[in-house]
Amino acid sequence: MSADHKNVAGLLVIRFVVTIALVWAMTAYLDSYFYVGGGWWAYIVIAALITLLNFLVRPVIKIVLAPLHFLMSALAMILTNALFMWITMQIALKFDPSVVTLDIRGWAGWVIAAAIFGISNWVLTH
């Protein structure tokens, strides 16, 4: 077995053991939300299923849902920056209008301004 295969196998074993512990802990402490019946054997079976699905199915789901992930990340960035711009505008309103005026017009203006500031902040921090 090559070193890469040993690393993958080792990581799977570690994930499996951690998942068994999580299944047990959730059943023990969050039983009104998560319950597995059947004792340790059931914890092992459920943990094995979760571990295998994480290894085999999760990559496929990530690929299929990548556009949605991108869309949601972009939406979160726009909303964060729109809130930032709203706070900035509220502070600017306290100034004398002859010194400072900030007016973002319409929802399209908010989206465009938030997207541009979000992209520029991302570029500057990366």
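This is a predicted model: local features need pLDDT of at least 70, side-chain atom pairs count only at pLDDT 80 or more; totals for chains, interfaces and linings use all residues.
1. Helix α2 covers residues 39–56, and its 18 residues should span 26 Å at 1.5 Å a residue.

2. Within α2, the residues Ala42, Tyr43, Ala47, Thr51 and Asn54 are buried. Viewed down the axis of α2, these buried residues fall within an arc of 165°, so they line one face of the helix. The face of α2 that is turned away from the buried side carries Trp41 and Leu56, which are exposed.

3. Asn54 belongs to helix α2, and its relative accessibility is 18%, so it counts as buried given that the cut-off is under 20%. When neighbours within four places in sequence are left aside, Asn54 is in contact with Arg15 and Pro59.

4. A search of the whole structure finds 2 aromatic pairs. In one of them, the ring centres of Trp24 and Tyr29 are 5.9 Å apart and the ring planes stand at 85°, so the pair is edge-to-face. As for solvent accessibility, Trp24 has a relative accessible area of 34% and is therefore partly exposed, whereas Tyr29, at 61% relative accessibility, counts as exposed.

5. The rings of Trp40 and Tyr43 have their centres 5.2 Å apart and their planes at 85°, so this pair is edge-to-face as well. Both Trp40 and Tyr43 lie in helix α2, 3 residues apart, which is about one turn of the helix. In general, an α-helix has 3.6 residues a turn, so residues three or four places apart point the same way. As regards accessibility, Trp40 is exposed, with a relative accessible area of 51%, while Tyr43 is buried, with a relative accessible area of 11%.

6. Helix α4 runs over residues 66–92 and has 27 residues. From its first C-alpha to its last, α4 reaches 38 Å, close to the 39 Å expected at 1.5 Å a residue. The residues Ile78, Asn81, Ala82, Met85, Met89 and Ala92 of α4 are buried, and the buried residues of this helix pack against α5, which comprises residues 106–125.

7. The helices α4 and α5 pack at an angle of about 105°, with their axes 8 Å apart. Since angles of 65 to 115 degrees count as roughly perpendicular, α4 and α5 are therefore roughly perpendicular to each other. On the α4 side, the contact is made by Met77, Ile78, Asn81, Ala82, Met85, Trp86 and Met89. On the α5 side, the contact is made by Trp110, Val111, Ala114, Ala115, Phe117, Gly118, Ile119 and Asn121.

8. Asn81 is placed in helix α4, and at 8% relative accessibility it counts as buried. Not counting residues up to four places away in sequence, Asn81 touches Ala114, Phe117, Gly118 and Asn121.

Note on methods. Residues are numbered from 1 along each chain as its sequence is written. Side-chain values use heavy atoms; hydrogens and water are left out. Helices (H or I, at least four residues) and strands (E, at least two) are DSSP runs, numbered from the N terminus. The expected span of a helix is 1.5 Å times one less than its number of residues. Buried means under 20% relative accessible area, exposed over 50%, partly exposed in between (1.4 Å probe, protein chains only). The arc is that of the directions from the helix axis to the C-beta atoms. Contact means heavy atoms within 4.5 Å. Rings of Phe, Tyr and Trp (its six-membered ring) pair if their centres lie within 6.5 Å; planes under 30 degrees apart count as stacked, over 60 as edge-to-face and the rest as tilted. Axes are lines fitted to C-alpha atoms, for helices over the stretch in contact, and angles run from 0 to 180 degrees between N-to-C directions. Angles under 35 degrees count as roughly parallel, over 145 as roughly antiparallel, 65 to 115 as roughly perpendicular and the rest as oblique.
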